[in-house]
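Welcome! Here is a short briefing to read alongside the structure shown below.

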Amino acid sequence: VINEQVKTEKRLRRAWEHAEAANRAKSNFLAGMSHELRTPLNSIIGFSEIIRDQMLGPVGKPQYAEYASDVVSSGRHLLSLVDDVLDLSKIESSTFELSEDVIELADAFEFVRRGFRRHAEARGVSIELKVADNAAFIRADMRLVRQMVMNLVSNAIKFTDFGGKIKIESMRDEDGRVHIKVTDTGTGIPEEQLSRVLEPFFQVRETALLSHEGSGLGLSLVKRFIELHEGTIDLESHVGEGTMVDLTFPASRSR
């Protein structure tokens with residue numbers, strides 16, 4: 001009996017080691033592929049911007065400039081997907097390092113609002129900012145804080161109808177923890193899918209939402225990024241009413 005148990009444990013250990021090696025190989029492949037894709041994508045975007053803005057002279061027909069603008073938009077979208085995959089592969093291979101500093105949340109929120117201003121206006125969605133006086137600063141990685149809020153706002157815009165509202169706010173609870181909350185008045189997430197939306201590559205697939213594109217990594221990356229800051233993420237959503245995502249940073253990071 002003891003020999004069988006030892007053999008079973010050895011088999012399980014070998015299987016675990018093989019799985020770990022396969023996971024590392026996958027992460028390394030994704031990281032390498034993402035780096036390789038970024039270089040030509042940046043070139044495509046850069047040259048398309050030159051044509052769109054007619055920096056070297058008129059292009060002759062206005063449609064060409066419009067097509068170049070479409071190439072820029074598509075290239076930037078594809079680049080954002082590649083960056084998502086690269087970030088995920090770095091986290092999974094444990095090579096992701098935080099670049100920490102004391103950051104002002106009002107600046108981070110305004111950066112996100114400016115970035116989405118045109119998109120939100122085109123969708124007829126307003127973005128409101130609110131920063132509490134006692135939750136204005138945290139010690140964190142500025143790029144990741146911006147990315148977390150951008151991913152949440154991007155989702156909110158996708159699923160909020162014309163005339164809807166999105167609110168980005170910070171607050172501090174009685175335990176000294178700082179919360180960043182993104183709330184929308186959108187379509188909401190079905191209860192049976194709430195537990196899965198934080199999984200990598202999972203996308204809400206309701207019939208009315210099938211047209212929304214994306215990698216399905218947005219919320220998963222937000223979860224990974226907040227966990228790198230020793231924090232947590234909570235979701236509350238009601239179909240037809242909207243969604244609230246709460247990012248909680250530990251009291252040790254409040255300033």
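Let's begin with Gln 54, which sits in the loop between α1 and α2 (62-92). Helices here are DSSP runs of H or I with at least four residues, strands are E runs of at least two, and both are numbered from the N terminus. This is a predicted model, in which local features need pLDDT of at least 70, side-chain atom pairs count only at pLDDT 80 or more, and totals for chains, interfaces and linings use all residues. Residues are numbered from 1 along each chain as its sequence is written, and side-chain values use heavy atoms, with hydrogens and water left out.

**The chain as a whole**
- The protein chain has 6 helices and 7 strands.
- Starting at the N terminus, its elements follow the order α-α-β-α-β-β-α-β-β-α-α-β-β.
- The C-alpha trace spans about 80 × 50 × 40 Å along its principal axes.
- Of the 255 residues in the protein chain, 37% are buried, where buried means under 20% relative accessible area, exposed over 50%, and partly exposed in between (1.4 Å probe, protein chains only).

- Gln 54 is not a glycine, yet its phi is positive, at about 50°.
- Gln 54 is partly exposed because its relative accessible area is 34%.
- Glu 230 also has a positive phi, near 60°, and is found in the loop between α6 and β6.

**A buried histidine**
- His 229 belongs to the loop between α6 (218-228) and β6 (232-238).
- With a relative accessibility of 0%, His 229 counts as buried.
- His 229 and Leu 98 are 131 residues apart along the chain, while 8.3 Å separates their C-alpha atoms.

- Ser 254 lies in the segment after β7 (242-249).
- Ser 254 is buried because its relative accessible area is 10%.
- A polar atom of the Ser 254 side chain lies 2.7 Å from the backbone oxygen of Ala 251.
- The backbone oxygen of Gly 176 is 3.3 Å from a polar atom of the Ser 254 side chain.

**A positive patch**
- Lys 7, Lys 10, Arg 11, Arg 13 and Arg 14 form a positive surface patch.
- Patches are made of residues with over 30% relative accessible area and no salt bridge, with like charges joined within 9 Å and nonpolar side chains (Val, Leu, Ile, Met, Phe, Trp, Tyr) within 5 Å.
- A salt bridge is a side-chain nitrogen of Lys or Arg within 4 Å of a carboxyl oxygen of Asp or Glu.
- Arg 13 is located in helix α1 (residues 2-52) and is partly exposed, with a relative accessible area of 46%.

Conventions:
Areas by Shrake-Rupley, 256 points an atom, 1.4 Å probe, with all protein chains shown as cover. Lys, Arg positive; Asp, Glu negative; His and termini not counted. Charge placed at Lys NZ, Arg CZ, Asp CG, Glu CD. Polar contact = N/O pair within 3.5 Å; in protein donor to acceptor, adjacent residues only side chain to side chain.
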